[in-house]
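Hi,

Here is the model I promised to pass along.

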2 protein chains.
Amino acid sequence: MRKIAFQGAHGSYSEEAAISLGEVETVPCRTLSDVFEIVESGGGEGIVPVENSIEGSIVRTYDLLKDSTVQISREVILKISHCLITNPGTDLKSIRRVYSHPQALGQCEQYLRELNYEALPTYDTAGSLELVKREKGSAAIASERAAKMYDMEILEKGIQMSPENYTRFFVISAHDADPTGADKTSIVFSTKHLPGSLYHCLEIFAKAELNLMKIESRPILGQPWSYNFYLDFEGHKADAGSKKALKELKKRTIFLKVLGSYPKGVNR
Amino acid sequence: MRKIAFQGAHGSYSEEAAISLGEVETVPCRTLSDVFEIVESGGGEGIVPVENSIEGSIVRTYDLLKDSTVQISREVILKISHCLITNPGTDLKSIRRVYSHPQALGQCEQYLRELNYEALPTYDTAGSLELVKREKGSAAIASERAAKMYDMEILEKGIQMSPENYTRFFVISAHDADPTGADKTSIVFSTKHLPGSLYHCLEIFAKAELNLMKIESRPILGQPWSYNFYLDFEGHKADAGSKKALKELKKRTIFLKVLGSYPKGVNR
């Protein structure tokens, strides 16, 4: 069976995204680095969150993609509805502390502030339920699916700041995907230290009419206030237009890496 | 005396950045929102971290700047050297758990992984020392100054991934600053949903020869995969060139806000 590693405990959103791909064996990992290591060592594929529509980029994923040999082979978009979950029989009024992954706490920040809950960051949404089992007056933020898996009680549903809440995941594999006609390509590059250098890179995509979906900047280690830029654009790296653009981009950058071309995901 | 609110406990890096401004009264706050609220209600100035040269942007600060009425009046850059701190007399080998702010844990990720420490996120570097006082076999990551303030022992110094580690802070006030000749301006805007729209915005700065120092994208709430862009450029908003550029930018964007013009900080 197709083996997919993910960060977190069984019941996490990453696992839900993996299961949406069909019949898969999911492998829980403590950290995102661990997921990348499994894929690099040929132990299967991985699925990693890259961006949430409320809270923004999962920057560690970006950093790991740059340094790893893995390629992005697919995009999966998962609708996220967070639940406040606690031990069966617990009264909402007795809750003081709420555990979850920092991303989930961020997505529910308004709710937590209004109820004056103490938000405590953990490694994982589903994994937080184990902590709650051991501590009275605590709750966790995780999915409905996680609540069921751990036999816990849902006190409230849909507690994130906006109902329009989606997380984008990348499936990471040894190779990226063949063209399907509805693809995206992710790249990372750094520019020369000249005024207008980012502009001159984006110019290539504008002139080639390649639609940019997302731009992200990350610091370069050891070079304060220098950045790597991550771009997602519509198209496959094997398309004539993309090929030409990437060739031109190589001339205007000091570092360029294609992270993969893959079928576009859909919000669902 | 000049009153400056900061996030964290006494001894935090934000407080250190505040003190570098001269004789000030520092006011600790639990969250970044609290710092903004104090400034908005006329209770003094604030100082907030905006970016670290290893770990990247403090995205919550970006979000708060967009929604708040405060202005950026100064940039402060602080060299950050993290220490592993514990109770006096504790053996390095007995340490299992390490507490600190997620930003500091991220900056020291390699060190923590090599020593196989469990990294536990908290609200604050200095505040973590209080937790360590109550728990055997634990340590915290904070500054040398914090270790002294809390009478704790430093086990190791400079444990971050790179010695070139700086954090940029913004002083936030009711108004921004007058031109000094060595200024920066921070803005936030969103573009129309058209291919090349970010490129057409950056074009203005390239043509005006205004040097872009930093670009950051943040999701727009309720509009998945739409972004606000944050730009820092060299120059003061009152300069003729900047004025013209901002006027032109207004035409090409659907939302534009100047977050402030302020004297540039220096790495120190």
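Below is what came out of it, starting with chain A and then turning to the interface.

A quick word on conventions: this is a predicted model, so to speak of local features pLDDT has to be at least 70, side-chain atom pairs count only at pLDDT 80 or more, and totals for chains, interfaces and linings use all residues. Residues are numbered from 1 along each chain as its sequence is written, while chains are lettered from A and ligands numbered from 1 in the order in which they are written.

Chain A has nine helices and 15 strands (DSSP runs numbered from the N terminus: H or I of at least four residues for helices, E of at least two for strands). Its radius of gyration is 20 Å, close to the 18 Å from the globule rule for 268 residues, so chain A is as compact as a globular protein of that length (taken over C-alpha atoms; the rule is 2.2 Å times the number of residues to the power 0.38). The C-alpha trace of chain A spans about 65 × 45 × 35 Å along its principal axes.

Chain A splits into domain 1 (2-80 + 165-173), domain 2 (83-157) and domain 3 (183-263), with bounds from an automatic or database domain assignment. The C-alpha centres of domains 2 and 3 of chain A lie 40 Å apart.

As for the interface, 31 residues of chain B are in contact with 31 of chain A (C-beta atoms, placed from the backbone, within 7 Å). On the chain B side, helix 8 (197-207) and strand 13 (212-219) each give two or more residues, and strand 13 of chain B has the largest share, seven residues.

Cheers

Key: Contact = placed C-beta atoms within 7 Å.
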